[in-house]
Amino acid sequence: MSDALSPRLPGLTAEQGPIAEQGPIAEQGPIAEQGPELARVLAFTHAFARRKAGRVVEVPGGFAVLNDRYPGSHDDNRLVVVAPAPDGAAPVRAGEVLRAADEVLAGRGHRYVCVDDDALGAALAPAFTAAGYDHESNVIMVFRGAPPADVPPAEDLTLEELLPVVRHDWREALPSVSGDAVDQLARRVAERLRGADVVRFRGVRAESGEIAARAELYVQDGVAQIESVHTGTRHRGRGHARTLMRALLAEAAGCEPIFLLAAEEDWPKDFYARLGFTAVGRTHAFLRA
């Protein structure tokens, strides 16, 4: 399969997507160094990736997740470099990670490496760029506001309801991609059900009854992640995403932290900031396809 299997859908979304050049965080201010809160967030994302993986392979500096059912999905077939080496240990070297990516992802049509430490990602970037990788940075945003009260709950979506909508959205975004590739993009959503103790697909409908906006909520050990927020093309500009986000924040009330990931150079991070999210960390992703 081609690299088209993990582009970011247009509209509010946190789907893994095409790689952009690194840029500053607009109007977010400095990002704090890793502390207990950020450590909990990263531990959550690592555990989620491991739990939903078809296979896990340990690699220098971290681990790799693989899924033979969806070989073209970047998110399901990638390396995760988790952190710098402990004090006194030799730091992971770019060459080690590059070799591990070639070995573990052999047979895949892409090489995808996620580095979940900001300083380490920045240090590895020149070597990855020289090796032909594109570079994207994402911000980890934590909710700092008061949970909304007296808001209508979002609708619980079954996979049967969700999959046709996801297929439609990907087909609309990727008209030149094969039907099999679009089907993989849609069906891989089911793999996420293994990622956490609580995995919920939520949506709000337009007056016509169509699902206007959708998202996913993951909860594990008191930590909550909001993921894959997306508004359908026909329904944008009508407040559906805000309605959905407020419902999800109310549903996740009591979790600490509530977080999401957003592309550093894309506009949704500013929307999330207006809802009460603050950037607390930065991750890096390197893609060669």
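Figure 1. H46 counts as buried because its relative accessible area is 13%, where buried means under 20%, exposed means over 50% and partly exposed covers the range in between, with a 1.4 Å probe and protein chains only. The model is predicted, so local features need pLDDT of at least 70 and side-chain atom pairs count only at pLDDT 80 or more, while totals for chains, interfaces and linings use all residues. Residues are numbered from 1 along each chain as its sequence is written, and side-chain values use heavy atoms, with hydrogens and water left out. H46 belongs to helix α1, which covers residues 36–52; helices (H or I, at least four residues) and strands (E, at least two) are DSSP runs, numbered from the N terminus. When residues up to four places away in sequence are not counted, H46 touches F63, V80, V82 and D116, a contact being heavy atoms within 4.5 Å.

**Figure 2. Helix α1 along its length.** The end C-alpha atoms of α1 are 24 Å apart, which agrees with the 24 Å that its 17 residues should span at 1.5 Å a residue; the expected span of a helix is 1.5 Å times one less than its number of residues. The buried residues in this helix include L38, V41, L42, T45 and A49, together with F44, H46, F48 and K52.

Figure 3. A pair of aromatic rings is described by the distance of the centres and the angle of the planes. Here, rings of Phe, Tyr and Trp (its six-membered ring) pair if their centres lie within 6.5 Å, and planes under 30 degrees apart count as stacked, over 60 as edge-to-face and the rest as tilted. The count by this rule is 8 aromatic pairs. One of them is the stacked pair of F48 and Y218, with 4.3 Å from centre to centre and 25° between the planes. F48 lies in helix α1 and Y218 in strand β8 (residues 211–220), so this pair ties together parts that are 170 residues apart in sequence. F48 and Y218 are both buried. The pair of F128 and Y133 is edge-to-face, because the ring centres are 5.0 Å apart and the planes stand at 85°; F128 and Y133 are likewise buried. One aromatic cluster is formed by F44, F48, Y218 and F259.

Figure 4. R202 is found in strand β7, residues 198–205, and counts as buried because its relative accessible area is 9%. Its side chain makes a polar contact of 2.7 Å with the side chain of D156; a polar contact is a pair of N or O atoms within 3.5 Å, of which, within protein, one must be able to donate a hydrogen and the other to accept it, and residues adjacent in sequence count only if both atoms are side-chain atoms. Residues up to four places away in sequence left aside, R202 touches a set of residues that includes A154, E155, L157, R214, L244, L248 and E251. L244 and L248 are among the buried residues of α6, which also include H240, A241 and M245. Helix α6 (residues 240–251) has 12 residues and reaches 17 Å from its first C-alpha to its last, close to the 16 Å expected at 1.5 Å a residue.

**Figure 5. R187 in helix α5.** R187 lies in helix α5, residues 179–187, and is partly exposed, with a relative accessible area of 27%. A polar contact of 2.5 Å joins its side chain to that of D183. With neighbours within four places in sequence left aside, R187 is in contact with R69, Y70, L163 and R167. From C-alpha to C-alpha, R187 and R69 are 9.8 Å apart in space, although 118 residues separate them in sequence.

Figure 6. Most residues other than glycine have a negative phi, and most peptide bonds are trans. D221, in the loop between β8 and β9 (223–231), has a positive phi near 50° and is not a glycine; its relative accessibility of 63% is why D221 counts as exposed. S228, in strand β9, also has a positive phi, of about 55°, but S228 is buried, with a relative accessible area of 1%. The peptide bond from E256 to P257 is cis, with omega near 0°, and P257 is placed in the loop between α6 and β10 (258–263).
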